[in-house]
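Keep the structure open beside you and try each task before reading its solution.

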Number of protein chains: 2
Amino acid sequence: MIKETLKQVQPISQKWLKKAWNRLDNLTKPRRSLGILEEIAARVVAILEQESPTLEKKEIFTFAGDHGVITEGVSAYPQEVTGLMVRNFLAGGAGINVLARCAGAHVNIIDIGMKEDLQDAEGLIKRNVKRATDNMAIGQAMTREEAEKAICIGIEMAEQAHDRGTHVIATGEMGIGNTTPSAAVLAALLPANVEDVTGVGTGLDEKGLKKKIKIIEKALKVNKDHLNDPISILAAVGGLEIAGICGLCLGGAARHMIVIVDGFISSAGALVAMRLNPSIKDYLFFSHLSSEKGHRTFFEKQGLRPMLDLDLRLGEGTGAALAMQIMESAVRIYNEMATFEEVGIEPGA
Amino acid sequence: MIKETLKQVQPISQKWLKKAWNRLDNLTKPRRSLGILEEIAARVVAILEQESPTLEKKEIFTFAGDHGVITEGVSAYPQEVTGLMVRNFLAGGAGINVLARCAGAHVNIIDIGMKEDLQDAEGLIKRNVKRATDNMAIGQAMTREEAEKAICIGIEMAEQAHDRGTHVIATGEMGIGNTTPSAAVLAALLPANVEDVTGVGTGLDEKGLKKKIKIIEKALKVNKDHLNDPISILAAVGGLEIAGICGLCLGGAARHMIVIVDGFISSAGALVAMRLNPSIKDYLFFSHLSSEKGHRTFFEKQGLRPMLDLDLRLGEGTGAALAMQIMESAVRIYNEMATFEEVGIEPGA
């Protein structure tokens, strides 16, 4: 399924891109004076291949997973918080619920790798692959088969959304400890020094950060024979929610959807997808620069620019939800602004 | 009227600020993990002094003015475009109209200093002080009385909005050539070197930019005896729309309103207001970093941080309109998120 989906990903249409810029340059404003908004609009038009695209139907996919490496003491919160926060999501009280309401987006919560089995949780999409990863500091976090299974769940989520008529999907995650595997994946894939991609997560002190860096270095060393390709890296030092995000990016790109990438952890998942097929990048919109230290390294190394920089470090999909409002505004600029011809102005510079 | 309004401006309530942070730190997220959104929410609560503030009623004020200095060849567009764009605003086809619709905000268009008299223009707020400023390269742009009259119009606009029950007002402007007086005002008030606050505006080439810098330097030299206080600087090298924006900031702060400042030109107006009373800063939200070169100098010198950085350089109020959506999201985070206590999580770090 992964191979087949990868084959379906095509670069976006240059013809549609040119068409979009032609209209943008004829709207009543100095040329390119709406900066990134114009870039967003052009890419949306080229992805959807529509004269007047709308981003009305929007969905966020928040994948929840736990991490064996938490026993090494890499997080400021205990593992139980993953389950409590998932219940909070389902009750509508978390940051992602509020920001999704602001954006008019539906939130899907997927148990893809939680330790706790929330059997009674209404509304939870139950696709658990494994009840938390294993401790990557002493071996592989999961098998390649488990990683592939989690990627396929992400692909399925994108496909189901597409079948529902959704054009905009966004990544999100919850998982106590998940900045640790994300940093490990980035270190191996960018590649980068561990200290350049490792931050304080939900709130480590300086000593905690040093320890976290050492644990990640140890995990990469222990797993050095398994770091051969993007999926084996994901399996060795990644996480199930990161794999789900990778799959969502992949499935979204294959179906010509707009894919909004949330923050630091989501970028790790998106990077795995981009390494599997570089054309996937054409479909991804990186919503924000997290205040988690390693995110800046990711953007610099990939030559990408995030839409927002608001010192967010919550995850869940919150940055992606905010970006939806910016993107919808960009598309409405494209659809609704008058042209120079319509108002009788010479285009000028 | 200006003196009286200045006296009404009070620093925001520290008691309400503390109250707001107390709630924010108890919402279900790692402490301060929603970064700038939390700072916005805290300040909104402290300005409005409300337990559950809403930013529902929003208005944008786009002041239009022309500039005598245009005869020196400082703009890529001819002066007639001011009138054509104002008609475009009134017809709903400009960037500001689209982004205001996205934000659910009403747009007010004010002729405060246009050269052209749009007598037949329905919906235009006609408060013309002077049919374009005089050429500041050979003398004062306007008299002190004219500058004060324009400031008072801005104050009135804020007061009328307040009386209509509006809590959020935003600045905007239209005026071919107005990055030139804005740069001159910033150079004199920050203070800064002219070349550090002067950019290409709507699209000058390198030669045009050099000429613009020389004209601004000449204007500051010609008017050197009139650069004694913020209002005399505004009169000598400013513009009528810049004065209107100054007044809107002043009037908004005096009435405890949320004031969103648009881009480069609006920042010049806001700076005059802040120089008249530093407490006005507490009420101002700087929406975005314009790609107009001097805007970065403004933020660095003032120690301020803009909310968005999207390479916008359109003006009109477009950046402020976009920021409204971010601010409304921030306030909903404050109002709608569950607390740790409600979901049974220990606050942690």
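**Exercise 1. A histidine in a loop**

In which loop of chain A is H67(A) found? Then decide whether H67(A) is buried or exposed, and find its polar partner.

Solution. Keep in mind that this is a predicted model.
- Step 1: Follow chain A to the loop between β1 (58–65) and α4, where H67(A) sits.
- Step 2: Check the accessibility. Buried means under 20% relative accessible area. H67(A) has 1% relative accessibility, so it counts as buried.
- Step 3: Look at the side chain. The side chain of H67(A) makes a polar contact with that of E241(A), at 2.6 Å.
- Step 4: List the surroundings. Beyond its neighbours within four places in sequence, H67(A) is in contact with residues including Q79(A), T133(A), N178(A) and P181(A).

**Exercise 2. An isoleucine in a helix**

Which helix holds I151(A), and which residues does I151(A) touch?

Solution. 
- Step 1: Locate I151(A) in helix α6 (residues 144–163) of chain A.
- Step 2: The relative accessible area of I151(A) is 0%, so I151(A) is buried.
- Step 3: Leave out residues up to four places away in sequence. Among the residues that I151(A) touches are I2(A), I231(A), L234(A) and L250(A).

**Exercise 3. The nonpolar core**

Which residues of the largest nonpolar core touch the most other members?

Solution. 
- Step 1: The largest nonpolar core has 284 residues, and those touching the most other members are I258(A), I326(A), I258(B) and I326(B).
- Step 2: Take I258(A) as the example. Residues up to four places away aside, it touches V44(A), L55(A), H167(A), F285(A) and M327(A), among others.

**Exercise 4. Where the chains meet**

Solution. 
- Step 1: Look for charged pairs. The rule finds 6 salt bridges across the interface; one of them joins the side chains of R305(A) and D309(B) (3.5 Å, N to O).

Note on methods:
Residues are numbered from 1 along each chain as its sequence is written. Chains are lettered from A and ligands numbered from 1 in the order in which they are written. This is a predicted model: local features need pLDDT of at least 70, side-chain atom pairs count only at pLDDT 80 or more; totals for chains, interfaces and linings use all residues. Side-chain values use heavy atoms; hydrogens and water are left out. A salt bridge is a side-chain nitrogen of Lys or Arg within 4 Å of a carboxyl oxygen of Asp or Glu. A nonpolar core is a set of buried Ala, Val, Leu, Ile, Met, Phe, Trp, Tyr and Cys residues joined through side-chain atoms within 4.5 Å. Buried means under 20% relative accessible area, exposed over 50%, partly exposed in between (1.4 Å probe, protein chains only). Contact means heavy atoms within 4.5 Å. Helices (H or I, at least four residues) and strands (E, at least two) are DSSP runs, numbered from the N terminus. A polar contact is a pair of N or O atoms within 3.5 Å; within protein, one must be able to donate a hydrogen and the other to accept it, and residues adjacent in sequence count only if both atoms are side-chain atoms.
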